[in-house]
Amino acid sequence: LQQKWYKDQGETPAGFIGFMPGWTRISHVVTKKGISYNHPVFNCPTADNVMVEVDVSLTFQIGPTFDDAKKFVYELGAHRFDELLSAETEEAIRALVNDVPVMKVHDLREEFAGDMRANLNKTFAQYGVQIRAVKVTDVKLPRTLDEMYVFVFSLFLSLHFI
């Protein structure tokens, strides 16, 4: 984005600029590439009040149009975007995990991603940001409960194949 006396002048063409007067400047450089964002949520209570940790990975894109990039830069900005994305992601994860019993938390991965992506796109579309992908990368149970879960699952498998 180019500015003249701090007033927006639109898009600057790519390439070499031999001379630019002091009152003209490149104010922001916005990429059109997809960007990864990882967000862990700690101490998230399940329906039976067991605290779990959920890691979510998002891929987002600013744009793809020039007007979307302007909306992002002038209406939201990188710092506020980080805060808003963190809060929205955490709220969505907590709302989902709060309705699920602890033994079904590992099954959240597929059903959760589509709903969360749609909700985040509704929030961020007005700022020129598109959420391309949402993926639950890891769900961690408390250590003692995780050991019990592995034991019961291995016992089930061993009895099933006898």
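Predicted model: local features only at pLDDT ≥ 70, side-chain atom pairs only at ≥ 80, totals over all residues.
User: Within what arc do the buried residues of helix H1 fall, seen down the axis of H1?
Analyst: Helix H1 covers residues 66-76, and within it Asp68, Ala69, Phe72, Val73 and Leu76 are buried. Seen down the axis of the helix, these buried residues line one face of H1, because they fall within an arc of 130°.

User: Which residue just after H1 takes a positive phi?
Analyst: Helix H1 is made of residues 66-76. Just after H1 there is a residue with a positive phi of about 85°, and that residue is Gly77.

User: Is Asp68 buried or exposed?
Analyst: Asp68 forms a salt bridge with Lys71, in which the closest N and O atoms are 3.8 Å apart. The two residues are separated by about one helical turn, because they stand 3 residues apart in helix H1. Lys71 has a relative accessible area of 31% and is therefore partly exposed. Asp68 has a relative accessibility of 14%, and since the cut-off is under 20%, Asp68 counts as buried.

User: How many residues apart are Asp8 and Lys70, the pair that links distant parts of the chain?
Analyst: The side chains of Asp8 and Lys70 meet in a salt bridge, with a distance of 3.0 Å from N to O. Asp8 belongs to strand S2 (residues 7-10) and Lys70 to helix H1, and the pair links distant parts of the chain, being 62 residues apart. Asp8, at 25% relative accessibility, counts as partly exposed, and Lys70, with a relative accessible area of 27%, is partly exposed as well. The separation asked for is thus 62 residues.

User: Which residues do salt bridges that share partners join into one network?
Analyst: Lys140 forms a salt bridge with Asp138, and the closest N and O atoms of this pair are 3.9 Å apart. Lys140 counts as partly exposed at 39% relative accessibility, and Asp138 counts as partly exposed at 26%. Through salt bridges that share partners, one network joins Glu53, Asp138 and Lys140.

User: Which side chain is joined to that of Gln61 by a polar contact of 2.5 Å?
Analyst: Gln61 lies in strand S5 and counts as buried, because its relative accessibility is 12%. Leaving aside neighbours within four places in sequence, Gln61 is in contact with Lys32, Lys33, Gly128, Val129, Gln130 and Arg132. With Lys32, the side chain of Gln61 reaches the backbone oxygen at 2.9 Å. The polar contact of 2.5 Å is between side chains, and the partner of Gln61 in it is Arg132.

User: About how much accessible area do Ile17, Ile26 and Val29 have together?
Analyst: Ile26 lies in strand S3 (residues 24-26), and its relative accessible area of 38% makes this residue partly exposed. A residue needs over 30% relative accessible area to be part of a patch, and Ile26 has 38%. Together with Ile17 and Val29, Ile26 forms a nonpolar patch on the surface, whose accessible area is about 280 Å².

Note on methods: Residues numbered from 1 in each chain as written. Heavy atoms only, no water. Patch = residues over 30% accessible without salt bridge, like charges linked within 9 Å, V, L, I, M, F, W, Y side chains within 5 Å. Areas by Shrake-Rupley, 256 points an atom, 1.4 Å probe, with all protein chains shown as cover. Salt bridge = Lys/Arg side-chain N within 4 Å of Asp/Glu carboxyl O. Helix = DSSP H or I, 4+ residues; strand = E, 2+ residues; numbered from the N terminus. Buried < 20%, exposed > 50% of the residue type's maximum accessible area, 1.4 Å probe, protein only. Arc of directions from axis to C-beta. Polar contact = N/O pair within 3.5 Å; in protein donor to acceptor, adjacent residues only side chain to side chain. Contact = heavy atoms within 4.5 Å.
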